[in-house]
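The entries follow in the order I made them.

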Amino acid sequence: MALRHAVLAALLDGEYSGYQLAKAFDISVANFWHASPQQLYAELARLEADGLVAGREVVQESRPNKRVFRVTDAGRAELERFAGAASKPSSIRDDLLVKVQSADRVGTAPVIGQLLERAAAAEAKIEMLRGLLRDMRGELDEEEFLLRGERIGGYLTCLRGVAFEEGHRDWCLRAADVLGKREGTTRAEG
């Protein structure tokens with residue numbers, strides 16, 4: 001998937017400035033796609049040049065003017081084409097895994113610390129995502145929302161984000177525990 005498709009998908013909810021798009025990314029899309037604000041601004045310019053989004057200037061009295069963007073019909077057609085294309089299998093590319101892979105040869109203490117930090121970050125993200133899910137559902141329980149909710153795509157991707165972060169948290173805690181126990185055993189035997 002290219003960043004362009006994630007930006008187009010985020011813009012389906014309405015007209016956003018680059019700043020608003022970055023905030024929307026942080027809240028919703030970031031659980032499956034990361035982009036810096038600079039990358040988003042550059043992508044918006046490319047999408048506009050390609051006719052996939054349209055931008056307009058909004059005059060503001062007490063602030064500098066801003067540009068807002070919306071998906072064009074060509075942008076919707078591109079998203080439909082993308083949705084119909086075969087998806088690539090997911091893959092993991094994580095420097096922490098390289099550190100864990102070599103931990104028993106280079107020392108476990110720094111890796112254990114990083115695993116615990118990552119577990120705490122995952123827990124914080126789980127809580128944030130659960131809050132988003134509650135906000136999306138409103139007064140409906142989850143099953144009712146899944147059957148009758150207005151926009152279900154964001155909810156489903158948020159559920160996937162929770163499951164991913166829970167799995168990541170649990171693995172980090174287990175790996176830290178195993179490395180800690182092995183470190184204690186190795187020192188006792190030495």
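Which residues does Glu-165 touch, not counting residues up to four places away in sequence? I noted that this is a predicted model. I looked up the contacts and found Ala-122, Lys-125, Ile-126 and Leu-129. I placed Glu-165 in helix α8, residues 153–189. I then checked its accessibility. Glu-165 has a relative accessible area of 10%, so I logged it as buried, the cut-off being under 20%.

Next entry: helix α3. I read its limits as residues 37–49, which makes 13 residues. I took the span from the first C-alpha to the last and got 18 Å. That is close to the 18 Å expected at 1.5 Å a residue. I then listed the buried residues of α3: Leu-40, Glu-43, Leu-44 and Leu-47. They cover an arc of only 105° around the axis, so I put them on the same side of α3. I turned to the face directed away from that buried side. There I found the exposed residues Gln-38 and Ala-49. I also looked at what follows α3. Gly-51 comes after the helix, and its phi is positive, near 75°.

Last entry: the surface. Which residues make the nonpolar surface patch of about 300 Å²? I wrote down Ile-92, Leu-97 and Trp-171. I followed up on Leu-97. I found this residue in helix α5, residues 95–106.

Note on methods:
Residues numbered from 1 in each chain as written. Predicted model: local features only at pLDDT ≥ 70, side-chain atom pairs only at ≥ 80, totals over all residues. Heavy atoms only, no water. Patch = residues over 30% accessible without salt bridge, like charges linked within 9 Å, V, L, I, M, F, W, Y side chains within 5 Å. Areas by Shrake-Rupley, 256 points an atom, 1.4 Å probe, with all protein chains shown as cover. Salt bridge = Lys/Arg side-chain N within 4 Å of Asp/Glu carboxyl O. Helix = DSSP H or I, 4+ residues; strand = E, 2+ residues; numbered from the N terminus. Expected span 1.5 Å × (residues − 1). Buried < 20%, exposed > 50% of the residue type's maximum accessible area, 1.4 Å probe, protein only. Arc of directions from axis to C-beta. Contact = heavy atoms within 4.5 Å.
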